[in-house]
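Let's take a friendly walk through a protein fold, from one side chain out to the whole chain. Have a look at the sequence and the structure first.

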Amino acid sequence: MQAAASIRLITKEEADIGLLMEADPDEAMVRSYLDDSLVFEMREGCRSIGCLLLFSYDKTLMEIKNIAVAEAYRNKGHGLRLLQFAIEEARRRGAQKLKIATGNSSTGQLYLYQKAGFKITRIVEDYFTNRYPAPIVENGILCRHQVILEMLI
Ligand code: ACO
């Protein structure tokens with residue numbers, strides 16, 4: 001029988017940068033928001049299988065800056081569970097709105113976030129092509145624009 005996954009707060013020094021970079025390939029960008037984020041780790045038994053970074057803009061607005069599940073553990077519901085955890089955690093900390101952003105080419109992620117209850121509220125045109133040093137291509141689509149999704153919690 002598989003052990004149930006658990007989620008716990010860890011320090012930024014304990015964060016798995018390699019896993020965070022699966023969600024955001026720019027290491028400098030990851031390190032820039034890691035410092036000011038709450039870092040959560042998902043574990044199954046003694047294995048670290050997922051991570052979640054929650055960032056506070058102010059008392060009312062939080063953002064999921066990074067969410068990733070280790071490749072071998074994907075498509076088993078862990079991503080949805082991390083999103084549900086983030087919603088509960090942000091609510092518990094007093095936030096009224098939770099934000100998450102991704103690229104126009106991240107079709108699976110856009111599906112998952114909307115399935116979890118987020119609504120697309122804004123597109124920042126050419127966000128990725130202007131800021132990231134190398135082109136990002138996913139699902140045969142160039143990642144150009146940032147898609148912002150939000151949820152009132
Ligand atoms: N492509 C296609 N479908 C996907 C994808 C994807 N990349 N991710 C999730 N889905 C679908 C699944 O098929 C599943 O559909 P179903 O419920 O209809 O069966 C549903 O979304 C739920 O998936 P989970 O199993 O809960 O999600 P998973 O554990 O696979 O984690 C995650 C999703 C975190 C996006 C994982 O694919 C991952 O780590 N990807 C690489 C890193 C990444 O892209 N992170 C997000 C970047 S944006 C940000 O960090 C703010």
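Contact here means heavy atoms within 4.5 Å. This is a predicted model: local features need pLDDT of at least 70, side-chain atom pairs count only at pLDDT 80 or more, and totals for chains, interfaces and linings use all residues. Residues are numbered from 1 along each chain as its sequence is written, and side-chain values use heavy atoms, leaving out hydrogens and water.

Which residues does Leu20 touch, leaving aside its neighbours within four places in sequence? Leu20 is in contact with Ala15, Val30, Leu34, Cys51, Leu53 and Asn66.

Leu20 also belongs to the largest nonpolar core, which has 46 residues. Such a core is a set of buried Ala, Val, Leu, Ile, Met, Phe, Trp, Tyr and Cys residues joined through side-chain atoms within 4.5 Å. Buried means under 20% relative accessible area (1.4 Å probe, protein chains only). Among the members that touch the most others are Leu20, Ile64 and Phe118. In soluble globular proteins, nonpolar side chains tend to be buried together.

Now zoom out. The protein has five helices and nine strands, counted as DSSP runs (helices: H or I, at least four residues; strands: E, at least two). From the N terminus, their order is β-α-α-β-β-β-α-β-α-β-α-β-β-β.

Some values for the whole protein:

| Property | Value |
|---|---|
| Share of the 153 residues that is buried | 43% |
| Share of contacts between residues at least 6 apart in sequence that join residues at least 24 apart | 64% |

Finally, the C-alpha trace spans about 45 × 35 × 30 Å along its principal axes.

Technical notes: Buried means under 20% relative accessible area, exposed over 50%, partly exposed in between (1.4 Å probe, protein chains only).
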